Amino acid sequence: MESCSIELQFLEGKTIFITGVTGYLANILTEKILRVQPNVKKLYLLIRAPDSNSAKHRFNNEVLKTDLFRVLREKLGANLHSFIEDKVSLVPGDIACDSLDEMCREVDIIVNSAATTRFDERYNTAISINALGAMHVVEFSKQCSKLKMLLHVSSAYVSGEKEGLILEKPLNYGKTLNGSSVLDIQVEQRLVEEALKDLQVRQATGKEVTLAMKVLGIERARLHGCPNTYSFTKAMGEMLLGHFKEDLRLIILRPPIILSTYKEPFPGWIEGMRTIDTFIVGYGKGKQKVAIGGRDSIADVIPADMVVNSVIAAIIAHQNPSSHTVVYHISSSRSKQLKLDDFIQIGIDYFKKNPWIDERGKPVKMKKFHLLDSMESLHKYIGIHYMPALKHLQAQYANLERRINDAIRLAELYRPYAFFKGVFDDTNAEMLMRESNADDTLNFDPTTIQWEKYLMETHIPGVVKYIF
């Protein structure tokens, strides 16, 4: 059987176009390719920036100078700058830019990881990036004469709030997740345009426009069976890719909640607040002692480097031309389950042993934590423990009320995941593991993870180091 190093030879001499750079996964993918296959021909990296100088500034400060590239910096030393100049070409703008045309004759592989991941993103923004952005990618892909495949990083939660075993199947264009109506993406676009025009006529403030767009996104998502704007527009993106791809080789990867790196380039690297990490940050800083969730709910999580390894493994496995769409759930809920209650208890145990030292140099005292089983229980808890205090704290009333409202809003946003009852089938992903003969270089097998050890020794310390 071929070794992993031999398989990585497929990337030698290849030109790869990666969207969503400065984003968490795209940065890790970029670092990984440059580190394990320095003979890649070229990486074109799409960065949201008005011009080349701005793109270079963003790449240097938000990507290259981060701790993520520490291993590559140590490996190459003084040669890093010339290596990056030779292997990386920055593309400012977005996927709809005409300037991308010059790459059409060169690109072998496209990895689309561009996304806005805010659950309650403005609807116009989410449609533009997650849905129409995907359509622009597929239209560009069809112009690339050498293209071997388009790999799209989606989300496992395009399934909405389904229960039971969720299969690795493409979404049907226009079919809603709840089956109650037909999803017409052009209608959704018109709704956004009309709402924005109405707000303009009413001379709405910027804050009012943002709020209206956020509310519209959540309303439309829930109408069609999705819990939030993010998963809804990511589902739209998948539908558009499948509908317009024609004979392109399309690979769709659906990771669930992505955590810090497991091993590469080093354990514990993380950028930005992941969904489930709001608990770690809130509890660890002594600001949160209550959350909602089902004790038996599955916390479907996966380390970021395993997702990136699966991207590379899928690229290598699908070298041969085909118009067939393949979907992979890069998840842990079927093969290595982690219960939400266990995740929370591990977090509590960690901070009991390793209390966070606050800005005054004092260890934060840990409070008793309460996991509530419904939104009703949360409202009751707030009514008992916080509402009486509002009557006696006139000077702090507005601030405390705002914090209470923010907590309720976040609980409502995260509720579908805190009580999620689905299990993501990963049969295709298991086959990919076997085909890739993956050693540690491309390991994405969740059964190799010891959750308590990883969370206690790698993930939570990473969150404390990079996010606190």
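**Notebook: buried faces and ring pairs**

I started with helix α16 (residues 427-436), where Ala 429, Leu 432, Met 433 and Ser 436 are buried. Buried means under 20% relative accessible area, exposed over 50%, and partly exposed in between (1.4 Å probe, protein chains only). Helices (H or I, at least four residues) and strands (E, at least two) are DSSP runs, numbered from the N terminus. I looked down the axis of α16: its buried residues fall within an arc of 100°, so they line one face of the helix. The arc is taken from the directions from the helix axis to the C-beta atoms.

A note on the source: this is a predicted model, in which local features need pLDDT of at least 70, side-chain atom pairs count only at pLDDT 80 or more, and totals for chains, interfaces and linings use all residues. Residues are numbered from 1 along each chain as its sequence is written, and side-chain values use heavy atoms, with hydrogens and water left out.

Next I looked up strand β5 (residues 149-153). Five of its five residues are buried. In a regular strand the side chains alternate between the two faces of the sheet. In β5, Met 149, Leu 151 and Val 153 sit on one side, Leu 150 and His 152 on the other, and all are buried.

Then I checked its neighbours. Two strands pair if DSSP finds at least two bridges between them. β5 pairs with strand β4 (residues 109-112) in the parallel sense, over four bridges. Val 111 has Leu 151 of β5 as its bridge partner. I also found β5 paired with strand β7 (residues 250-254), parallel, over four bridges. There, Leu 150 has Leu 250 of β7 as its bridge partner.

I turned to the rings and found 21 aromatic pairs in the structure. Rings of Phe, Tyr and Trp (its six-membered ring) pair if their centres lie within 6.5 Å; planes under 30 degrees apart count as stacked, over 60 as edge-to-face, and the rest as tilted. I picked Tyr 157 and Tyr 417, an edge-to-face pair at 4.7 Å centre to centre, with 90° between the planes. Tyr 157 lies in the loop between β5 and β6 (164-166) and Tyr 417 in helix α15 (residues 397-418), so the pair ties together parts that are 260 residues apart in sequence. Tyr 157 is buried at 4% relative accessibility. Tyr 417 is buried too, with a relative accessible area of 10%.
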